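Work through the exercises below with the sequence and the structure in view. Each task is followed by a solution in steps.

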Amino acid sequence: MSPPPRAEPSAGGCGKKVRVVDVWAHNQEAEQARILTLVHAYPIVAVATSHDVPVRWPPPPAAAAGTLDGNYEAVRAGVERVRFAQLGVSLASADGDMVLARAWRFHLGDALGAEDRRFLAAVGVDPGPTARRADPRRLSVALRVACAIEALPDGGVLVTRDGAEDVAYVVRHLRGPLPPCREEFLRSCNAAFPALYDLKVMAEWTTTAATEPPLAAAGRDAFRGLLALVRARRHGGGVLTGYNAFLPGLGAADTIELMSIKTTMAEDAERLRQMKELFRELYPGQDPAIVDRLPLC
């Protein structure tokens, strides 16, 4: 699991260093409430997970090695064995501004043991003598709620992930044990987070239209590159549709038929927007919602 996108101070941050807030059981509710308040203005949620103690990932069966299904089996088996993890959260606005001087590091999972405390001390985290880890299910539900807030045009909140394991860990605590089938897992991801984008995918993979990856030239600034695409999307541009719900190594529920449906939905939404604009011009003072009941042609 890879680290969260680097949080750089925005212009509105006056050059302040970002403060990382460590979240344990005692302050979980307060910090989750803060995130749910801020997400209305900063609806892009970036998350990444890491294990306090590295997990030994079992190899997939020989027959499945190197396949999408084999990759998913390795991810599933590893995530199911995780007892505790750290999950980092940072927020950005649709204009590309990072939430001012704050990011969160949730300490999740089982009770702290001696090995855990040694690890935390090595990375400079002092949990205190009575600290209890935060509840991963409550955090996962809060992230799901945050990503359901319609703070962006076209509905929903963009969720950036940098690794299939990050998403699998959150989905694991939303629905229980991960499904054995890769396609079912990807459908669960898409249902929980309708706008889900992975920086690695957008830097390396082409779409079904064989266009150049939109973040191919972004390098270490991939997250900033994604924010630029979000700004373009707000003004009717961008290339995000073909990259929704793809995860590195796992693909997506990515049949040609599904990609065609996603593209058609985006085109229909744009036509509907244009029809409403025309309706407002022709019939000022009338409710443009009437257009929703008209067939698209």
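Predicted model: local features only at pLDDT ≥ 70, side-chain atom pairs only at ≥ 80, totals over all residues.

## Exercise 1: Phe185

Task: state whether Phe185 is buried or exposed, and list the residues in contact with Phe185 beyond its neighbours within four places in sequence.

Solution. Step 1: Phe185 belongs to helix α6.

Step 1: its relative accessibility is 0%, and because buried means under 20%, Phe185 counts as buried.

Step 2: with neighbours within four places in sequence left aside, the contacts of Phe185 are Tyr72, Ala168, Val171, Leu178, Pro179, Leu247 and Leu250.

Step 3: compare sequence with space. Phe185 and Arg76 are separated by 109 residues in sequence, while their C-alpha atoms are 9.5 Å apart.

## Exercise 2: helix α5 and its partners

Task: describe how α5 crosses α2 and how α5 crosses α4.

Solution. Step 1: two packed helices are described by the angle between their axes and the distance between the axes.

Step 1: for α2 and α5, the axes come within 10 Å and the crossing angle is roughly 55 degrees. That angle makes α2 oblique to α5. Val75, Val79 and Glu80 of α2 make the contact with Glu165, Ala168, Tyr169 and Arg172 of α5. The crossing of α2 past α5 is right-handed.

Step 2: for α4 and α5, the axes come within 8 Å and cross at roughly 100 degrees. Since 65 to 115 degrees counts as roughly perpendicular, α4 is roughly perpendicular to α5. On the α4 side, the contact is made by Pro136, Arg137, Ser140, Val141, Leu143 and Arg144; on the α5 side, by Tyr169, Val170, His173 and Leu174.

Step 3: Not counting residues up to four places away in sequence, Ala164 touches Leu247, Pro248 and Leu250. Ala164 and Val75 lie 89 residues apart in sequence and 7.6 Å apart in space, C-alpha to C-alpha.

## Exercise 3: helix α1

Task: name the buried residues of helix α1 (residues 28-38) and the elements they pack against.

Solution. Step 1: Gln28, Glu31, Gln32 and Ile35 are the buried residues of α1.

Step 1: they cover an arc of only 100 degrees around the axis, which puts them on the same side of α1.

Step 2: the buried residues of α1 pack against the strands β1 (19-23), β3 (84-92) and β4 (102-109), and against α4.

## Exercise 4: the whole protein

Task: how many helices and strands are there, and what share of the residues is buried?

Solution. Step 1: the protein has 9 helices and 6 strands.

Step 1: of its 297 residues, 44% count as buried.

Step 2: among contacts with a separation of 6 or more, 73% join residues 24 or more positions apart.

How values were computed:
Residues numbered from 1 in each chain as written. Heavy atoms only, no water. Helix = DSSP H or I, 4+ residues; strand = E, 2+ residues; numbered from the N terminus. Buried < 20%, exposed > 50% of the residue type's maximum accessible area, 1.4 Å probe, protein only. Contact = heavy atoms within 4.5 Å. Axes fitted to C-alpha atoms, helices over the stretch in contact; angles between N-to-C directions. Parallel < 35°, antiparallel > 145°, perpendicular 65-115°, else oblique. Left-handed = near helix turned anticlockwise from the far one by under 90°. Arc of directions from axis to C-beta.
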